[in-house]
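Dear colleague,

I am handing over the structure below, and after it I set out what was found there. Please read the notes with the coordinates open beside them.

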Amino acid sequence: MEAMKEQLIKAVDARADELVQMADHIFDLKEVSYEEVQSSALLEGYLEANGFQVEKGVGELPTAFRAVYQQGEGGPSIGLLCEYDALASMGHGCAHHLQGPGIVGAACAIKEVLQDRPYRLVVYGTPGEETTGGKITMVANGCFQDIDVALMIHGGDHTQVDVKSMALVSVHVTFHGVAAHAAISPEKGRSALDAMVLMFNGTEFLREHIKEDSRIHYTVNEVPGAQNSVPALAKADYDLRSYNSLYLDEIIRRFENIVKGAALMTDTTYEIQYDTRFESKVPARHLNALVMANAEAIHSPAMAPAREKTGSTDFGNVLFHVPGTCLRVAFVDSGTASHSEGFIRNGKMERAHAALLNGAKTIAMTACDLIEKPEEMEAVKAEFAANKAAMQEG
């Protein structure tokens with residue numbers, strides 16, 4: 001192993017007790033989305049004490065932060081992201097308590113050891129992942145534009161990386177009709193329910209003609225009234241998904257035409273309301289290979305191939321604009337799902353503490369590759385540009 005990486009490993013180990021205590025404290029706090037006041041303050045204070053310039057409340061989120069260390073002039077800007085929100089009524093069932101300490105441990109090790117080349121470290125604290133996706137708000141408010149690459153860690157049942165995530169937008173459709181007695185004067189009615197049923201039928205036809213890696217889910221939300229009246233109101237909820245954010249735009253366009261057509265056929269009116277949108281990741285296989293090589297070098301447990309496809313995450317909103325990846329580090333038995341009691345039971349065990357340190361070391365070593373070998377950063381950027389262009393081509 002390269003001498004520089006051996007020094008990084010020693011630098012993380014030298015902080016092990018502090019990092020573990022921090023993780024256990026965040027675990028016990030159980031602060032839910034956008035209420036992570038003590039958790040974020042703990043991480044901010046540690047970074048300030050170790051020479052980082054900390055800006056609190058970034059992206060218009062009170063519990064978000066940005067911490068910067070600049071080494072020399074120029075060089076790559078390495079983004080290190082962490083989450084720290086717990087699940088409501090469960091606690092840290094997704095191992096977010098390991099992320100912040102792992103990332104600040106990596107950041108401090110890099111700052112301490114890498115002193116022969118220029119670079120910038122930017123640590124972003126990102127709240128609210130478990131609910132509305134705080135990174136989405138942060139992207140919208142100008143965060144992450146100052147980094148060349150985004151690195152993150154997450155607990156899991158295997159040590160591996162992800163390749164793709166699903167773009168997702170939830171949609172609420174409301175049809176307004178005209179109420180009437182269904183037996184005495186049906187001709188006076190305009191059925192919102194009929195519009196909704198036609199929309200559902202149109203959706204089924206659309207499903208046959210979209211790409212296989214896309215999904216459409218829907219359900220009835222509300223249809224008030226008795227069976228012998230023409231419904232004047234009908235509400236439905238949809239999730240539209242694709243592993244390509246740009247193709248999701250095409251699905252949305254065709255979906256809106258179905259809604260318009262259903263309203264036209266029934267002489268009703270409609271409203272379409274969109275929730276916050278999750279974007280898809282741009283695949284970063286070269287970066288993934290760097291990360292996994294470093295994880296293997298320190299003998300991380302339960303090494304596994306990359307997960308080609310995952311669900312939706314607000315990290316996708318970052319990785320749609322900048323290359324990056326998330327390392328999952330094993331700390332639970334194979335098959336143990338996140339958001340489960342299994343994650344809770346293992347959250348403060350030795351294997352969780354080892355995962356924290358392994359994650360910190362792997363991320364620090366990967367940052368070393370990107371800083372010390374400019375050709376690696378160029379390869380990451382070139383692949384990102386090529387894959388983004390391929391997404392545009394459909």
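H96 has its place in helix α4, residues 96–113, where helices (H or I, at least four residues) and strands (E, at least two) are DSSP runs, numbered from the N terminus. This is a predicted model, in which local features need pLDDT of at least 70 and side-chain atom pairs count only at pLDDT 80 or more, while totals for chains, interfaces and linings use all residues. Residues are numbered from 1 along each chain as its sequence is written, and side-chain values use heavy atoms, with hydrogens and water left out.

H96 counts as buried because its relative accessibility is 1% (buried means under 20% relative accessible area, exposed over 50%, partly exposed in between, with a 1.4 Å probe and protein chains only). Leaving aside residues up to four places away in sequence, H96 touches E83, Y84, D85, E129, E130 and H154, contact meaning heavy atoms within 4.5 Å.

Turning to the helix pairs, the axes of α2 (residues 16–29) and α3 (residues 37–49) come within 9 Å and cross at roughly 165°; axes are lines fitted to C-alpha atoms, for helices over the stretch in contact, and angles run from 0 to 180 degrees between N-to-C directions. That angle makes α2 roughly antiparallel to α3 (under 35 degrees counts as roughly parallel, over 145 as roughly antiparallel, 65 to 115 as roughly perpendicular and the rest as oblique). In this contact E18, L19, M22, H25, I26 and L29 of α2 meet Q38, S39, L42, L43 and Y46 of α3.

The axes of α8 (residues 285–297) and α11 (residues 350–372) also come within 9 Å, crossing at roughly 130°, and α8 is therefore oblique to α11. Here L287, L290, V291, N294, A295 and A297 in α8 meet T362, M365, T366, D369 and L370 in α11.

Finally, there is an open sheet of four strands in the order β9-β11-β7-β12, with antiparallel pairing, two strands being paired if DSSP finds at least two bridges between them. Its edge strands, each pairing on one side only, are β9 (214–222) and β12 (269–278), and the twist averages 20° from one strand to the next. β9 pairs with β11 (residues 233–242) in the antiparallel sense over eight bridges, and V220 stands opposite A236 in β11.
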